[in-house]
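I opened a new model today and kept notes as I went. Here is what I looked up.

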Amino acid sequence: MADFKGIQVVETSELREGEARRVSRREFIKRVIASGAVASSASFMVGGLAACTPRRAAVAGSVERLISLNVNGQVRRVDVLPQETLAMTLRYKLGLTGTKLSCDRAECGACTVMIDDVTHYSCSTLTHAVRARKVVTIEGLRGPNGELHPVQQAFVEELSPQCGFCTPGQVVAAVALLKKNPKPTREEARHAMSGNLCRCAAYDNYLNGIMRACGNLAEISHGV
Ligand code: FES
Ligand code: FES
């Protein structure tokens, strides 16, 4: 018995010793995991909070999203994504839907606006790039009492638009041309307007409108 008990005692003590070793190893692992978990949750908390906290210091390469734009003589505050195009901002943030969006890749001129009196395709211009500049859209060409711009009036008289989809871009391009060259020849006008496509092929009608607007009536041609 004594032996048995001895053995029992030895087994019990070995078990206890082994258990103590396992416990201590288990404890060790628990502590490692616990500390890792603490570290992870700490980094999660820090990262999570940082992600939710407005960053006051600008990250290198980032841009401020809430910006001021000078559009049609008014300063407009607008939230603009870094990669947002001017056409998107004008149409979907500022409600200026006179600027049309068609090819969306600088091929047709439907989205033409003036930036500092020079025509640009707004579909291919980043809004952030025009922050300190003056943007004029088709809506900005009307007179103080809503009257048509002389170019628009001339287009009406010459029946220039057909379906009308390209017309806002054509008007803006023609106004920019006449600002730079108040009395262009028909050929000069044709060259200046070459960036504005018309699916209805009303090119001659638009040129007639420009000739009428600038008083160059001798160059109006209605064909034979
Ligand atoms: S929509 Fe911009 S050029 Fe066609
Ligand atoms: S009038 Fe129809 S696209 Fe120009």
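**Entry 1: helix H2**

I began with helix H2, residues 86–93, where Leu86, Ala87, Thr89 and Leu90 are buried. The model is predicted, and I keep that in mind throughout. I then asked what covers the buried residues of H2. The cover includes S2 and S3. After H2 I checked Gly95, and its phi is positive, near 70°.

**Entry 2: Thr127**

Next I went to Thr127. I found Thr127 in the loop between strand S4 (118–121) and strand S5 (134–136). Is Thr127 buried or exposed? I counted 23 C-beta neighbours inside 10 Å, so Thr127 is buried; the cut-off is 20 or more. I left aside the neighbours within four places in sequence and listed the contacts of Thr127: Val80, Glu84, Thr85, Leu86 and Thr89. Of these, Leu86 and Thr89 were already in my notes as buried residues of H2. I also checked Leu69. Thr127 and Leu69 are 58 residues apart in sequence, yet their C-alpha atoms are 8.6 Å apart in space.

**Entry 3: the sheet**

I traced the strands next. They form an open sheet of 5 strands, in the order S2-S1-S5-S3-S4, with mixed pairing. Which strands are at the edge? They are strand S2 (74–79) and S4, and each pairs on one side only. On average, neighbouring strands are turned by 40° against each other, direction ignored. I noted that helix H4 packs on this sheet and touches strand S3 (112–115) and S4. The direction of H4 makes about 30° with that of S3.

Then I took the pairs one by one. As a reminder to myself, strands of a sheet pair through backbone hydrogen bonds, either parallel or antiparallel.

- Strand S1 (residues 66–71) and S2 are antiparallel, with 6 bridges. I looked up Leu66, and its bridge partner in S2 is Asp79.
- S3 and S4 are antiparallel too, with 4 bridges.
- S3 and S5 run antiparallel and are joined by 2 bridges. I found Ile115 opposite Val135 in S5.

**Entry 4: H3 against H4**

I turned to a helix pair. Two packed helices are described by the angle between their axes and the distance between the axes. For helix H3 (residues 150–157) and helix H4 (residues 167–180), the axes come within 9 Å and cross at roughly 120°. H3 and H4 are therefore oblique to each other. Their crossing is right-handed. Which residues meet? From H3 I listed Val151, Gln152 and Phe155; from H4, Val171, Ala174, Val175 and Leu178. I sorted this contact by residue type: 6 nonpolar, 1 polar and no charged.

Terms used. Residues numbered from 1 in each chain as written. Chains lettered and ligands numbered in written order. Predicted model: local features only at pLDDT ≥ 70, side-chain atom pairs only at ≥ 80, totals over all residues. Axes fitted to C-alpha atoms, helices over the stretch in contact; angles between N-to-C directions. Parallel < 35°, antiparallel > 145°, perpendicular 65-115°, else oblique. Left-handed = near helix turned anticlockwise from the far one by under 90°. Contact = placed C-beta atoms within 7 Å. Nonpolar A, V, L, I, M, F, W, Y, C, P; charged D, E, K, R; others polar. Buried ≥ 20, exposed ≤ 12 C-beta atoms within 10 Å, placed from the backbone. Pairing = 2+ DSSP bridges.
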